[in-house]
Amino acid sequence: MKRIVTATVINQSGVLNRITGLMTKRQFNIESITVGHTEKEGVSKMTFVVNVDDNAKIEQLIKQLNKQIDVLKVTDITDQAIVVRELALIKVISNAQIRSEISGIIEPFRASIIDVSRESITVQVTGNSDKIEAILDLLRPYGIKEMVRTGITAFPRGSQKSVTDLKQYSILN
Amino acid sequence: MRAKAKPEAEAVTAEMTGADVLIHSLKKENVEVLFGYPGGAVLPIYDALYRSPIKHVLSKHEQGSIHAAEGYARVSGKPGVVIATSGPGATNLVTGITDAMMDSLPLVIFTGQVASTVIGTDAFQEADIMGITAPITKHNYQVRDVQDLPRIIKEAFHIATTGRPGPVLVDIPKDVANKTISPDYDSTIHLPGYQPTFSPNILQIKKLGDAVGSAKKPVILAGAGVLHANAGKELVAFSEKHSIPVINTLLGLGSYPGNHPLFLGMGGMHGTYTANMALYECDLLISIGARFDDRLTGNLDHFAIHATVAHIDVDPAEIGKNVPTQIPIVSDAREALKKLLEIESSSPETDDWRQKLTQNSENFPLWKKVSTSEFLPQRVVELVHEYTKGDAIITTDVGQHQMWAAQYYAFADANRWVTSGGLGTMGFGFPSAIGAQLAFPEQTVVSLTGDGGFQMTLQELSTLQELNLPVKVVIMNNQTLGMVRQWQEAFYEERYSQSLIPVQPDFVKLGEAYGIQSYKVTNEEEAKAVFEEAFSHRDPVLIDCRVSGKENVYPMIAPGKGLHQMIGVKP
């Protein structure tokens, strides 16, 4: 199962190495990982998407991450109300004739064309992973020359609906 | 005579070099002894050391330094401090660092590094020790700014010795050690991401108290966490209060008196039948400071399957890692036991259970061959026990001799047992004996070792010679890599691939070459005479015990089998 885990870390050299290293060591399969600054100076936030077999495995990952000295907080936000975004750049083969056709396809996705050349256009799209998969499916028939994705970044929404069985992991039992 | 030296490093002068700051900080941390080896990148540090009264033990290989520091830390509970140079000096520490990580030993390791300006250029003796040691340290630092040095050293000692102990490495570029500053020793530790839990959650303690009251077949599994927390007394009080039998893990030996009527012995692959059947049949398993290593549990599908599992551990990540746990308690072992003794709880009715266990120990005790013609390795351990009155510090490597030591040296007291458990490092035992002896100069320290493991770090005989410490090296020499041979016999149809080593050095001449009294004994009578002599004085001794090469360690759980599927429980 796919889990979205965020980790707030002290922005110290080597912290990314320690975290990816422990995931390799303990055989966690990282699907995507993003890192960036937060509102607090010297503090960064990482968002991982990991594929795990069961709850015990994700609990172990969170505990191991918590053990790292430079890690301040780890949360599995999968089951919370969250805002998830990922950005993709897609270079699609297109000549002048089909350019407007593609424009029409991407419009409902609120994607935009950010680069045009004689043989291709580059589409930028933001959203959750499903949305990006959907636009990719539609563009694939035209021929995708190149595609890059940032991996997701996410955090909980401002207000949470009352969910009773949220998964809680804490170092205090 | 010492060459003319600069003023003593310990005096805080307005301006000091990074190296002087380091030495001064070590004094502030009450470090008594350093284990190390000099080299290019640590020349400034060794120069500062030259002006300091701190004792430095020069090993003959960095692996010797770090294993000695581990031995020191294991028996004293104080952090072992190691210094090595950059590149090969640092990489030679890797086995020891991993060993300390696996067995939770507090170490603070200082490595030299090439100058900041050339880091990343593949400079002479440069190694990415930060990258190399990230997965095998509790934490590591590279000092970029010499002003950070006092704080980093404080943090390193704090992290190494609190919570679940472990190794912390501090990498110091040569220019940082040379740079002159006015140090700020008042800088405080700032570790917002490191707040280890010390006291237990009282609700969980009460839950465990209730579980104890209603259990019929309770058992306690005590590991090294009990030793780290110095909780032996509380463990005895708790087990006696409720008449709960106790099993030790390999590393936990000594945390419970080996001669106590409630003691069932060691559990696991070569544990006692009684201990393993108790783990298999129990209805309440209270694990304290143990981490359910695979050598202890055997096949997890058969481990404590009828039991409610309570797990007390200072490291939350160990709880639920291998064994599903119903009562998790994150706490220092001593704090948890104190609280368990404080709360009101009824005692379980364990007479039937204990009677059954007693029957098991009577029917299936540890056994060994009875032989008048062969010199059995198990007898060596028993004789060492006899001649040291069971009160020596015993260090071992890994393998058959380690298991026999664990089985036959009934440890009555805590912190007498120094062995490489998690990593299983050959060559660990002898240098760790030197470290243990430095921690307790008056104690008898015996390095029980095998002929294979001893040859991995025997260069430290030179260190022993120099220090003239009364370490007794007892080689259980069966001219084989015993445990490898045993597994080849059991699982590879006796194809003894590279495990028989009949060509050996003359260990007696070898010991004598280092100026150490050395003996060879080939039977019990000779051994008794030599042990009598060797344990009566305060000089180092090497004894080459030529034991039978065909003995196997029994009983045993074959790999993949459960605790109840032991083989070799009877002759």
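I started with helix H2 of chain A (residues 55-67), which lies across S1, S3 and S4 of chain A and runs at about 165 degrees to S4(A). Helices here are DSSP runs of H or I with at least four residues, strands are runs of E with at least two, and both are numbered from the N terminus. My angles run from 0 to 180 degrees between N-to-C directions, with axes as lines fitted to C-alpha atoms, for helices over the stretch in contact.

I kept in mind that this is a predicted model, where local features need pLDDT of at least 70 and side-chain atom pairs pLDDT 80 or more, while totals for chains, interfaces and linings use all residues. Residues are numbered from 1 along each chain as its sequence is written, and chains are lettered from A and ligands numbered from 1 in written order.

Next I looked up the sheet of chain A: four strands form an open, antiparallel sheet in the order S2-S3-S1-S4. Strands count as paired if DSSP finds at least two bridges between them. S2 (29-37) and S4 (71-76) of chain A each have a single partner strand, so one side of each has no neighbour in the sheet. S2(A) pairs with S3(A) (residues 43-51) over eight bridges, and I found A:Ser32 bridged to A:Val49.

Then I turned to chain B. H1 (residues 18-28) and H7 (residues 149-161) of chain B pack at about 35 degrees, their axes 10 Å apart. The contact (C-beta atoms, placed from the backbone, within 7 Å) involves B:Gly18, B:Val21, B:Leu22 and B:Ser25 of H1(B) with B:Leu149, B:Pro150 and B:Ile153 of H7(B).

Note on methods. Contact = placed C-beta atoms within 7 Å.
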